[in-house]
Amino acid sequence: MIKTVDDYNSKFNNDIKKKLDCLRMIIKQNAPDANEKISWGVPTYNLNGFLVQYAACKKHIGFYTSLTTLEYFKEQLKDYKTNMKNTVQFPIDKELPVDLIKEMVLFKVKENNRD
């Protein structure tokens, strides 16, 4: 049973685990006060409410944020599949857009701190 983010990330092969660890590092560095937990079976971060979440899938890593975040970064996300509700799909076989993810996390932190 997956109880921690370490448990979750470590269940994947090394290439995917590195990407998940990278995502975790980006989130923790840019939202150090966020609460980290497993919710709905995946890593979830809360800071004054839902912040972000991620999940490894067969062909992509799902990154879950907010509609406002996706709308704000719509141009930068044009090369990625989104559902324009709250999800971005980063293909497993491509490098993670680290700077974009950082900007999205910081945007969501500001969004959550405004409310």
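This is a predicted model: local features need pLDDT of at least 70, side-chain atom pairs count only at pLDDT 80 or more; totals for chains, interfaces and linings use all residues.
Local features were considered at pLDDT of at least 70 and side-chain atom pairs at pLDDT 80 or more, whereas totals for chains, interfaces and linings use all residues. Residues are numbered from 1 along each chain as its sequence is written, and side-chain values use heavy atoms, with hydrogens and water left out.

Helices (H or I, at least four residues) and strands (E, at least two) are DSSP runs, numbered from the N terminus.

Helix H2 has 17 residues and reaches 24 Å from its first C-alpha to its last, close to the 24 Å expected at 1.5 Å a residue, the expected span being 1.5 Å times one less than the number of residues. Buried positions (under 20% relative accessible area, with exposed over 50% and partly exposed in between; 1.4 Å probe, protein chains only) in H2 are Ile16, Lys19, Leu20, Leu23, Arg24, Ile26, Ile27 and Asn30. They cover an arc of only 160° around the axis, which puts them on the same side of H2, the arc being that of the directions from the helix axis to the C-beta atoms. The face turned away from this buried side carries the exposed residues Lys18 and Gln29.

Leu51, in strand E3, counts as buried because its relative accessibility is 0%.
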